[in-house]
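Here are some notes on the aromatic contacts, for your review. Please read them with the model open.

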Amino acid sequence: MMSVLMMSAFALQTQSYTKIANIEEIKSKIVKKASETENIHSDFDQEKHMMMFNEVIKSKGVFYFSKPNKLRWEYYSPIRYIIVLDGKQVQIQDQSKVKTFDLNSNPIFKEVNKLMISSFNGDILNSKDFKVEYYQSSYDYMAKLRPLNSAMANMIETIEIYFNKTDFGVTGLKIVEVGNDYTLIKFQNRIINGKLSTHIFTL
Amino acid sequence: MANYRLIFLLFSLLVSSFTKLIAQDSSAVRASEIFTEHKGKYMYRAHISIEDQELTGLLMIKKYATGHYRLAMVNELGLGIFDMEFFADADTPFVVHSINEMLNKKQVINILREDFESICVNFAQWEKVSDVKMERRYHYRGKRIYQLNAIGQIQSAELRKWGFWRHKISLEPTKNPYPASLFISHRFTSLSILLTFVQ
């Protein structure tokens, strides 16, 4: 099944959210959607809010995910570079140069990779590493996760995952760091279970 | 009496030339920091290799009008790696606002402090200017030596301790008030930092 969703996630920041008391139905729909999702192709806008600079660093590009653990982040701006992760290696193409590292050599990427994959396959909602609360606005659902493991809690205050109310797919991620800097990723023009070439995940 | 007049004349000439020399050096020093603007924000692609680990992302450098600097690195997906502040006054210790677990070791923090202190130089604190083999050098805080190119831009730097260099920095100066790239290498530790200007 292929579905094309043109819904934007621009409203992520401006909606007011109320806590959901009965989460089971929504959670099961989100997990069902995640289990049916084999791959995702989407545009994204990324904003890094750094308090010290008192401004937002904006980047944008295209994102690809394929089960079980392949990710490709292709940035168009502010500079052109591509990151491909396959669960074992991270490859980074900066202009024409490609660098390949073992994922274990870059623990930050390893953590982020784990976080992203488990957000898209729905595992994060059942993870024992987080306390999860569910909220909703008129526009979307939001799962707010607080890390329980101290290593992650030293870095990350909360992770917010936004789900479309119609198709229960992930429309955005907000990672709030200790100190209140945060990264907001908004996914737009999502294509779920479309045709993806395997070459996409190789540089 | 004639001798006194001669001595006075020679002394006046000496003072006059010395004053000119100081004035020339001051203007050169003022123009020769690594980031020559009074204040500014710079974004670099950053790649830190440390032992068998690789950290990549963006390094933001903010120079304040007061002469102090703040440097923050985030990985490509926005997660903070470190955030440090360096003050123009040598007596004020640097501040680590945040640092990722994998870098949060005293030895690594000291190396990063030394590296970034070499970048966050302040023109008011040059101690000595020397010309060695036609090459102008600035000496800073006792242990740092900066080599200038023919038009007075810093092109390389090194930190020396106990007669050995500890780190070397190669810069790619441009007509802009910031370098296009910086590469920091170390003699005694397997840590290197490559910064390439983005915006």
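1. F63(A) and W73(A) are both buried. Buried means under 20% relative accessible area, exposed over 50%, partly exposed in between, with a 1.4 Å probe and protein chains only. This is a predicted model: local features need pLDDT of at least 70, side-chain atom pairs count only at pLDDT 80 or more, and totals for chains, interfaces and linings use all residues. Side-chain values use heavy atoms, without hydrogens and water.

2. The structure holds 21 aromatic pairs over all chains. Rings of Phe, Tyr and Trp (its six-membered ring) pair if their centres lie within 6.5 Å; planes under 30 degrees apart count as stacked, over 60 as edge-to-face and the rest as tilted. F63(A) and W73(A) make a tilted pair, at 4.6 Å centre to centre and 55 degrees between the planes. F63(A) sits in strand 4 (residues 55-66) of chain A and W73(A) in strand 5 (residues 70-77) of chain A, 10 residues apart. Strands are DSSP runs of E, at least two residues, numbered from the N terminus.

3. Y141(A) and F168(A) are stacked, because their ring centres are 5.9 Å apart and their planes at 10 degrees. Y141(A) is in strand 10 (residues 140-147) of chain A; F168(A) is in the loop between strand 11 (156-164) and strand 12 (170-177) of chain A, so the pair ties together parts 27 residues apart in sequence. Both Y141(A) and F168(A) are buried.

4. One aromatic cluster includes F63(A), W73(A) and Y81(A). R45(B) lies over the face of Y81(A), 4.3 Å from the ring centre. The criterion: NZ of Lys or CZ of Arg within 6 Å of the ring centre and within 35 degrees of the ring normal.

Note on methods: Residues numbered from 1 in each chain as written. Chains lettered and ligands numbered in written order. Helix = DSSP H or I, 4+ residues; strand = E, 2+ residues; numbered from the N terminus.
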